[in-house]
Amino acid sequence: MHSEKRTEKRTEKLETLVTTVASRLTPVDAVSFVSVATRVLQDLVEHFEVDTCFLRFTDHEIAATVLIAEYPPRPFIPDPDPLGVVYFENADSTFVQIERQKEVAIFRPEKSGPDYNDRVREASGVPQVSLAAVPLLSGETTTGTLGFIKFGDRDWTPPELDVLKAIAALLAQVQARIVVEEQLRHSADHDSLTGLCNRRALYRHLDARLNSSEPGPIAILFLDLDRLKPLNDFFGHGAGDGFISTIAERLRATSAADDLVARLGGDEFVLVLGGSVDLDDAEARARRIRDVVTERVHLGREVVSRSVSIGVAAGYPGAATTSSLLSQADQAVMLAKTKGGNAISVFTDEMQEKSEKRNMVELSLRAAIADESLFLEYQPEVDLRTGRILGVEALVRWNHPLLGLLQPASFIDVAEATNVAGELGRWVIRTACRQWAQWRSQLPGLDLGLRVNVSPGQLAGLDFLDVVAKSLTEFDLRKGALCLEITENAVLSDLTWTRQALEGLHAMDVEVAIDDFGTGYSSLSHLKALPVSTLKIDKGFVMNLDSNPEDRAIVKSIVGLAESFGLELVAEGVENVESARQLLDMGCRRAQGFLFSRPVSAEKIGKLLAAGSIEVGL
Ligand code: C2E
Ligand code: CA
Ligand code: CA
């Protein structure tokens with residue numbers, strides 16, 4: 001009776017143990033697993049009154065058993081830990097059994113018999129131990145071992161063994177769950193083609209490092225393989241993938257353990273260098289990486305190699321952000337690309353200043369259109385024979401509240417890139433037309449052409465023709481007075497749409513001039529098909545006409561071209577009398593340039609117009 005009660009009590013206690021362990025393990029994940037497992041081992045040690053309890057997982061891929069948790073912790077753990085990772089190949093017999101063990105194994109001192117070894121152990125004072133090894137099973141596979149060590153002897157009752165098996169089963173379940181979790185996490189953070197980290201993992205890594213207390217600087221390299229597309233086109237996408245995998249492998253092989261290598265997709269890679277690395281050292285690393293990456297790659301029977309452009313940037317934790325650092329490296333790589341590829345560019349303070357200015361411009365440009373800090377200057381175009389002013393070209397300027405007076409070169413392309421081009425263009429056209437009307441009212445009978453520059457982005461705007469038509473009627477411009485200037489490249493970028501827009505202008509009697517003629521790759525067959533009335537010879541060919549025979553030859557051929565196509569011709573950038581004379585000799589009569597007048601205010605133009613002509617001095 002007495003002993004029955006005791007047994008009952010013991011069974012109860014065993015059941016509680018299983019429930020405790022189960023509730024501890026339920027919420028566990030990969031991160032908390034080791035600490036929770038250690039706590040479970042402590043429960044087991046206390047409950048079964050053993051001296052040590054350990055949990056090992058079997059890694060069949062590397063044929064080894066790996067220590068996961070133990071309790072109590074050993075007071076001293078040598079490095080490397082002889083109990084940490086134990087390869088079956090050179091393990092002693094107890095460990096070897098673990099590899100495929102399916103049943104609980106009990107080793108007790110008396111069972112091994114009083115052999116020589118035991119006697120030695122006794123003599124040296126090392127106690128004899130008993131060991132219970134419970135396998136963790138996943139189907140037919142042994143995935144680990146739960147072990148109990150007792151100094152001296154210990155017997156295990158069948159109910160106890162059942163509980164051990166139950167607990168081992170719980171641990172095996174959690175183990176399986178963690179493996180799946182890890183796999184999911186790996187695939188969420190890694191690029192499937194190369195196995196490198198993906199964008200997500202890169203961002204997380206950089207976020208963590210830039211928010212840490214590391215001293216910095218933290219440097220990154222942004223790699224962009226040059227001309228990968230032809231490779232895909234000629235050898236197929238399989239070859240392209242093979243090439244990228246090879247490059248990824250090389251990057252992995254050359255990177256240090258604390259570097260992070262990520263593929264952003266396509267042919268773009270980012271390396272985050274471990275530790276504190278300044279720009280000079282990062283650049284040196286970039287050079288070494290370039291050497292490795294550009295080595296030849298075998299793809300089936302083909303041997304190919306690709307150059308690489310690398311952008312380098314560095315920032316300090318607390319100051320830089322992930323996106324600022326990546327954007328800097330990206331800007332640097334763009335610069336490397338514009339140098340023709342196979343180059344390394346470092347994001348410098350100077351580039352920083354430029355990009356800040358650009359951001360500032362971007363932020364305030366729309367407001368500037370509304371608040372009148374934009375204004376127009378006008379540059380006259382003269383008849384070289386008489387000095388009479390034939391027309392004026394409107395040139396926009398911006399009185400920026402912080403950056404001072406800005407020339408169009410520093411904000412037109414920003415406008416283009418940010419969709420403000422349409423608004424800016426509308427403002428310029430309306431303002432110029434209004435000014436033209438004002439001059440007309442001051443000087444009745446004035447015969448003056450008005451030239452306005454139009455950027456590709458504007459030309460593409462849907463309401464472009466509308467804006468022009470409204471300005472024409474509102475300010476009562478006479479037929480042919482307005483001439484819009486577009487660059488060759490704008491014409492060629494979208495021919496169908498350009499043709500429509502230009503034909504629309506033609507129908508309204510608005511002239512069109514090709515600006516900067518000679519700098520684009522002039523597709524004359526296209527120009528011929530378009531309603532264009534004028535070519536403006538780029539100032540690059542005109543400025544040194546007096547001294548450069550090559551320029552002279554080019555201008556001469558442009559003059560011939562204009563004649564044969566029946567186009568008007570204007571030379572811009574005339575800076576000296578000799579060039580003006582040459583132009584006239586070649587048959588170009590209309591010109592614009594500092595020799596006659598710089599771009600000036602509307603008021604000054606008014607005065608010049610009142611005078612009627614400008615002294616040419618030929
Ligand atoms: P562009 O249309 O070729 O304008 C002529 C540029 O050459 C002007 O520069 C003018 O100041 C400069 N220039 C005129 N004569 C001479 C000369 O004898 N020697 C030299 N070295 N330069 C001369 P700016 O005003 O800085 O304008 C630069 C460019 O910005 C213009 O080139 C034009 O493409 C663009 N731009 C100006 N205003 C507007 C605008 O309202 N809308 C658009 N979309 N673009 C504009
Ligand atoms: Ca122009
Ligand atoms: Ca021009």
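Me: Which pocket does the space taken by ligand 1 form?
Reply: This is a predicted model, in which local features need pLDDT of at least 70 and side-chain atom pairs count only at pLDDT 80 or more, while totals for chains, interfaces and linings use all residues. Residues are numbered from 1 along each chain as its sequence is written, chains are lettered from A and ligands numbered from 1 in the order in which they are written, and side-chain values use heavy atoms, with hydrogens and water left out. A pocket is an open set of points on a 1 Å grid over the protein atoms alone, where a 1.4 Å probe fits, with protein on both sides within 12 Å along at least five of seven lines, and a molecule sits in one if more than half of its atoms lie within 2 Å of its grid points. By that test, the space of ligand 1 is the second largest pocket.

Me: Which strand gives the most residues to the shell around ligand 1?
Reply: Strands here are DSSP runs (E, at least two residues), numbered from the N terminus. β15 (389-400) and β19 (511-517) are the elements that give two or more residues to this shell. The top contributor, with four residues, is β15.

Me: How far does a polar side-chain atom of D515 lie from an oxygen atom of ligand 1?
Reply: D515 is among the residues that come nearest to ligand 1, as are R397, K539, E575 and F594. For D516, a polar side-chain atom lies 3.3 Å from an oxygen atom of the ligand. For D515, the corresponding value is 2.8 Å.

Me: Which residue coordinates both the calcium ion (ligand 3) and the calcium ion (ligand 2)?
Reply: Donors are N, O and S atoms within 2.8 Å of the metal (3.2 Å for Na, K and Ca), and sites may look incomplete because water is not among the atoms. Ligand 3 is coordinated at 1.8 to 3.2 Å by D515 (OD), D516 (OD), E572 (OE) and E572 (OE). The two calcium ions are 4.2 Å apart, and the residue that coordinates both is D515.

Me: Is D515 buried or exposed?
Reply: Buried means under 20% relative accessible area, exposed over 50%, and partly exposed in between (1.4 Å probe, protein chains only). D516, at 25%, is therefore partly exposed. D515 has a relative accessibility of 7%, so D515 is buried.

Me: With which side chain does the side chain of H400 make a polar contact?
Reply: H400 lies in strand β15 and, at 4% relative accessibility, counts as buried. A polar contact is a pair of N or O atoms within 3.5 Å; within protein, one must be able to donate a hydrogen and the other to accept it, and residues adjacent in sequence count only if both atoms are side-chain atoms. At 3.0 Å, the partner of H400 is S364.

Notes:
Near = heavy atom within 4 Å. 1 Å grid on protein atoms, 1.4 Å probe; cavity = no way out; pocket = protein on both sides within 12 Å on 5 of 7 lines; lining within 4 Å.
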